[in-house]
Amino acid sequence: MSLFVSASWSPVLIATGNQKFLAIASSIGLAVVVVLGFVLIPTLESQGAAVAFAAAAWVLLGALFFFLRRTGNGGHLDFGFLLRLIPLTAVCCAIAFVPWSTDVVQTAAAAVVFVAGTLLLRLVPGEVLDMARAALAGR
């Protein structure tokens, strides 16, 4: 998610002459992943790396949004969907800590729960669903 969001927010900062904010946000994200990596990887190994990366991605998005708003952009963004997305994401992350199966099965289960949850909670934009239906009908 962070890749897609930052790919849309970063050009706004660049186009408005605020590249320094993009550099600062990226530096903050880098610092978070390095610090958390040193703390979490020795004990949690690959899961620690995943947690460090995910946390850094959210911090990067937060910093980008902060700087985007500071430049007078992004005021139209509505984050009400987060009230539905955050609990769903927490459930999907919790699947990783259930010791009932392999990492591959846990990942697949989390992916299925996430996709089903986004559809049930109506988090997928209607335009995306329309395009998917049209693509499937065209087969």
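**Working through the model**

Mentor: Arg133 is exposed, with a relative accessible area of 52%. Keep in mind that this is a predicted model.

Trainee: Why does Arg133 count as exposed?

Mentor: Because its relative accessible area is 52%, and exposed means over 50%.

Trainee: Which residue forms a salt bridge with Arg133?

Mentor: Asp130 does, and the closest N and O atoms are 3.2 Å apart.

Trainee: Where do Asp130 and Arg133 lie?

Mentor: Both are in helix H6, which covers residues 126-137. They are three residues apart, about one turn of the helix.

Trainee: Is Asp130 buried, partly exposed or exposed?

Mentor: Asp130 counts as partly exposed, because its relative accessibility is 47% and that class runs between 20% and 50%.

Trainee: How many salt bridges does a search of the whole structure find?

Mentor: One. The pair in it is Asp130 and Arg133.

Trainee: Let's stay in H6 for a moment. What about Ala132?

Mentor: Ala132 lies in helix H6 too. At 37% relative accessibility, Ala132 is partly exposed.

Trainee: How far apart are Ala132 and Thr71?

Mentor: In sequence, 61 residues; in space, 36 Å from C-alpha to C-alpha.

Trainee: Now the whole chain. How many helices and strands are there?

Mentor: Six helices and zero strands. Along the sequence the pattern reads α-α-α-α-α-α.

Trainee: What does the C-alpha trace span?

Mentor: About 50 × 50 × 30 Å along the principal axes.

Trainee: And what percentage of the residues count as buried?

Mentor: The chain has 139 residues, and 24% of them count as buried.

Trainee: Which helices each supply at least two residues of the lining?

Mentor: H3 (46-70), H4 (82-95) and H5 (103-120). The largest share comes from H3, with eight residues.

Trainee: What is the lining like by class?

Mentor: There are 16 nonpolar residues, five polar ones and one charged one.

Trainee: Is Val112 buried or exposed?

Mentor: Val112 is exposed, at 58% relative accessibility.

Trainee: Which nonpolar residues form a patch on the surface?

Mentor: Ile24, Ile28 and Val59 form one, and together they have about 200 Å² of accessible area.

Trainee: Where does Ile28 lie?

Mentor: Ile28 is in helix H2, residues 19-44. Its relative accessible area is 34%, so Ile28 counts as partly exposed. A patch residue needs over 30% relative accessible area, so Ile28 passes that cut-off.

Trainee: Let's do the loops. What is the phi of Glu45?

Mentor: Near 55 degrees, which is a positive value in a residue other than glycine. Glu45 sits in the loop between H2 and H3, and Glu45 is exposed at 57% relative accessible area.

Trainee: And what is the phi of Arg122?

Mentor: Arg122 has a positive phi of about 55 degrees, although it is not a glycine. Arg122 is found in the loop between H5 and H6.

Trainee: Is Arg122 buried or exposed?

Mentor: Exposed, because the relative accessible area of Arg122 is 70% and the class starts over 50%.

Trainee: Last one. Where is Leu77?

Mentor: Leu77 is in the loop between H3 and H4. At 27% relative accessibility, Leu77 is partly exposed.

Trainee: What separates the C-alpha atoms of Leu77 and Phe65?

Mentor: A distance of 9.7 Å, and the two residues are twelve apart along the chain.

Technical notes: Residues are numbered from 1 along each chain as its sequence is written. This is a predicted model: local features need pLDDT of at least 70, side-chain atom pairs count only at pLDDT 80 or more; totals for chains, interfaces and linings use all residues. Side-chain values use heavy atoms; hydrogens and water are left out. Helices (H or I, at least four residues) and strands (E, at least two) are DSSP runs, numbered from the N terminus. Ala, Val, Leu, Ile, Met, Phe, Trp, Tyr, Cys and Pro count as nonpolar, Asp, Glu, Lys and Arg as charged, and the others, Gly among them, as polar. Patches are made of residues with over 30% relative accessible area and no salt bridge: like charges are joined within 9 Å, nonpolar side chains (Val, Leu, Ile, Met, Phe, Trp, Tyr) within 5 Å. Accessible areas come from the Shrake-Rupley method with a 1.4 Å probe; for residues, only the protein chains shown count as cover. A salt bridge is a side-chain nitrogen of Lys or Arg within 4 Å of a carboxyl oxygen of Asp or Glu. Buried means under 20% relative accessible area, exposed over 50%, partly exposed in between (1.4 Å probe, protein chains only).
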